[in-house]
Amino acid sequence: SSMVQSESNELILKGSLHFAETATRNYIPPAYQYKEKALLFDMILKMLKTEQSANTKKHLVNYIILFACNQEHKTLLAQWLKEGTQIKDAVLTQNNRYTIIKKLYKDKDFPLAEKEKLLNQELEKDKSDLGLRKKRTCEALLPVLENKEKLWNWYLDENAKESEHMLFASMEGFMPNGQEELMKPYQDKFFDVITRVFEKRNRSYARRFFLYLCPFEQSPAILAKFEALLKNIKDEEKTLKKCVLEEIGEMKRKIRAQEIYLTGLKSVSYTHLTLPTILLLQISVVAG
């Protein structure tokens, strides 16, 4: 019975962490994400130091990396890459290591030489195609305008001499959270080119382009641009229409959730609730 209880608790924790990560990324306004992520990071770090289950620690390690949001957090993660976590049974997988490096690559304040050193150390151990794809993603994550412009033109080049797998890996890192100002010019560019991309490129490429390079800003202004785009899509462009309709629906849900969050901050009753409870209340209202 204790084993069943342990497995049950582990499933609940894993589900709660997944839920919290999704909520902070999608349903909390950007101005408040930093605070919520910092709270979750600190909470998980304390849990890692006291948790006895090795399996549970695997989940905690996976999510603490995702919640890292300030220089103190990222410095600690970089230290983990070099020295290990120094916490019993808290072991970094290869995927954990790449996730940390991607987190560092998109940070404008983390030294470039240190980023490259850490990535190259991983690539020395990993000669697989996965390693090459992760390198492409990291290169796209760099917060440098000239780099972004070069990549954007590469994605649009119908004669690009590169496999689609590598192009997709690069696209994955092009537009990360935390680079909102840098990405603003590409929001308008997206709407300028997306119809042509679906006309000229194969379905798989066009869908990935939409998935990875679609503006991540959740705002009425961007929603209006998608609704205007929808009106101009021809009936025969079914794949593009489907993508846009799905994005409009998702964006409306996210905007509504963010409004609920802000309303909750103004409510006295919310101030006495724990963070996980607040998150559950938000999503239950949105889902309903």
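This section describes the helices, cores and surface of a predicted model. Local features are reported at pLDDT of at least 70 and side-chain atom pairs at pLDDT 80 or more, whereas totals for chains, interfaces and linings use all residues. Residues are numbered from 1 along each chain as its sequence is written, and side-chain values use heavy atoms, leaving out hydrogens and water.

The protein contains 14 helices and zero strands. Helices (H or I, at least four residues) and strands (E, at least two) are DSSP runs numbered from the N terminus. Of the 288 residues, 47% are buried. Buried means under 20% relative accessible area, exposed means over 50%, and partly exposed lies in between (1.4 Å probe, protein chains only). Contacts are heavy atoms within 4.5 Å. Among contacts with a separation of 6 or more, 70% join residues 24 or more positions apart.

The largest nonpolar core has 38 residues. Such a core is a set of buried Ala, Val, Leu, Ile, Met, Phe, Trp, Tyr and Cys residues joined through side-chain atoms within 4.5 Å. Residues with the most contacts inside this core include Trp 152, Tyr 155 and Phe 174. Helices 8, 9, 10, 11, 12 and 13 each give two or more residues to this core. Helix 10 gives the most, with eight. A second, separate core of 34 residues includes Ala 20, Leu 40, Tyr 63 and Phe 110.

Helix 8 covers residues 145-156. Its buried residues are Lys 148, Leu 151, Trp 152, Trp 154, Tyr 155 and Leu 156. Their cover includes helices 7, 9, 10 and 11. Tyr 155 touches residues including Leu 167, Met 171, Phe 174, Tyr 205 and Phe 209, not counting residues up to four places away in sequence.

Helix 5 covers residues 94-105. Ten of its twelve residues are buried, so helix 5 is largely enclosed by the rest of the structure. The buried residues run from Asn 96 to Tyr 105 and include Arg 97, Lys 102 and Lys 103. They pack against helices 3, 4, 6, 7 and 9. At 1.5 Å times one less than its number of residues, helix 5 should span 16 Å; its end C-alpha atoms are 17 Å apart, which agrees.

The protein exposes about 15900 Å², and carbon and sulfur atoms supply 54% of this area. Accessible areas come from the Shrake-Rupley method with a 1.4 Å probe; for residues, only the protein chains shown count as cover. Leu 262, in helix 13, is partly exposed, with a relative accessible area of 33%.
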